[in-house]
Structures are given as structure tokens and as C-alpha cells.
Amino acid sequence: WGGEVIKFEGKKYERKHHLKYVPYVGGDVNALRPRRMLALFLSTFMDWSEIPKFAGISEGEARVLEKLTAKPGLMTSSTGRFLDAVSAFLNVCDQRTYEGEPAIKLEASARGGRLLDLEIPLRGEEIDTPSVFKWLIENVGRYPVKDVAYTVQYRLGEVLIKAALKYGSTIIVSGGAAVNEYILRGMIENSEGAEILLPRKVPPNDGGIALGQVYYYSL
């Protein structure tokens, strides 16, 4: 599903934690237009009349999204979509022209940043990523972009490793998190001595899926 902590042993696995679900109405157009994804994150705690100002979308598009989200529909817990939305909020990238562009540019914008006072809560099974946007709104303009970008990515790694440590001392990191320097740093610096394993011979992203399928069905 994406954005998750999975406990596994051989063929048996349990999805223990995941990023909080947010609406994903309209499908992958949200991945191409990070401001639209930002609006969907904001909709989890903000009235649609306020969202255009913070998300940088038109009032007309906000009304369309409001109608779409009023009905049950597709939801996402994707780490990539969360990073896209943060990238849009910080005006780092608001249009994806190649795969992973908003998250790649967000990572680059964090170079030389310092860690700020942010905590991403773990509430039961859910990692409360929408709360990050409340913090961003409260602190807009107070800190350099590089500090905010660094903090959000680092703190995401921190909460992911804290969740994972509840289930063992060997942690395998894959997906987009495995190639993000600051998410990894947040994990490693808060690992409490646990062993953190990273992909070396197999791509951590979609390129490794087929091998995982072969492994699963061979057991």
C-alpha cells in the first residue's frame, strides 16, 4: 500500500502501521500536480473555503475536489504523495515533469538544513502526517525552506523507525524511503542500535517488485 511498517517472517506478514489515509480522488493526476495533493491533505482538517489560499489552487478546483471528496472513494497512505504535498507547500515544486521530481527537489532543498521542533505523532496504527501541515501553516515564513524541508523528512524517518522498533531489532528499508538521505538519517540516528538493512543489488522501488513476487510464491 505504501508508507507503512510491515512485520514479516518468511511468507507471513502483518501491516502494523501506515501513514494516515488521505483522499486520492481523481487518481494519478494528483501525482502530476502536487498542489492538488496538498489540497487533499489540507482537507482532512481544514474547510474547503480556506484551502485555495494555502494550497495555491483555484476556488473552482477546490469546489470540484470538495464534491469529489464528499463521497467515499480511493484513499492513499503513500510516502511519495506526502512528500509531494510538502514540496508544493514550500514552493519547491508544483508540477511533476519526471518521475519523483517533487520529492527529489524537496530532498535537494534540505541540504544544509537544521532540525526544528516538530513531532509527527504515532496514533495507534496511523502516523499522523496531516498534522505536519498544521505545523507548516503555524510556522510559515518563520524558518528558511532548507530547515523546514530537512526537519519534515528527518522527522518522518524518526517516527517510522520508532514504529518499526516495536517489532524487532532488524529493520529492512525499501521503497522511496531507502533512497532519501534525510529520511534515512532520521531512521539511523534514532535506531537505538538496531540493524538497518538497505537494498544493494535489487532496486528499492518498483524495479524490485517482481523479485519479491518470486520470493513470496517460492515459499
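Buried means under 20% relative accessible area, a cut-off to keep in mind as we visit this predicted model.

**View 1. Helices α2 and α7 meet at a crossing.** Helix α2 covers residues 34–42 and helix α7 covers residues 130–138. Their axes come within 9 Å and cross at roughly 100 degrees, so the two helices are roughly perpendicular to each other. On the α2 side the contact is made by Leu38, Phe41 and Leu42, and on the α7 side by Pro130, Phe133 and Ile137. Sorted by class, this contact has six nonpolar residues, with no polar and no charged ones.

**View 2. Phenylalanine 41 and phenylalanine 133 form a tilted ring pair.** A pair of aromatic rings is described by the distance of the centres and the angle of the planes. The model has six aromatic pairs. In the pair shown here, the ring centres of phenylalanine 41 and phenylalanine 133 are 5.0 Å apart and the planes stand at 40 degrees, so the pair is tilted. Because phenylalanine 41 lies in helix α2 and phenylalanine 133 in helix α7, the pair ties together parts that are 92 residues apart in sequence. With a relative accessible area of 3%, phenylalanine 41 is buried; phenylalanine 133, at 0%, is buried too. Look for Phe82 as well: ring pairs link Phe41, Phe82 and Phe133 into a cluster.

View 3. Tyrosine 150 and tyrosine 154 are both buried.

**View 4. Valine 173 sits in a loop and is buried.** This residue is found in the loop between β7 (170–172) and α9 (181–188). Its relative accessibility is 4%, so valine 173 counts as buried. Setting aside neighbours within four places in sequence, valine 173 is in contact with Ala178, Leu184, Met187, Ile196, Leu197, Leu198 and Pro199. For a sense of scale, take asparagine 139, which is 34 residues from valine 173 along the chain: the C-alpha atoms of these two residues are separated by 31 Å.

Technical notes: Residues numbered from 1 in each chain as written. Predicted model: local features only at pLDDT ≥ 70, side-chain atom pairs only at ≥ 80, totals over all residues. Heavy atoms only, no water. Axes fitted to C-alpha atoms, helices over the stretch in contact; angles between N-to-C directions. Helix = DSSP H or I, 4+ residues; strand = E, 2+ residues; numbered from the N terminus. Parallel < 35°, antiparallel > 145°, perpendicular 65-115°, else oblique. Contact = heavy atoms within 4.5 Å. Nonpolar A, V, L, I, M, F, W, Y, C, P; charged D, E, K, R; others polar. Buried < 20%, exposed > 50% of the residue type's maximum accessible area, 1.4 Å probe, protein only. Phe/Tyr/Trp six-rings, centres within 6.5 Å; stacked < 30°, edge-to-face > 60°.
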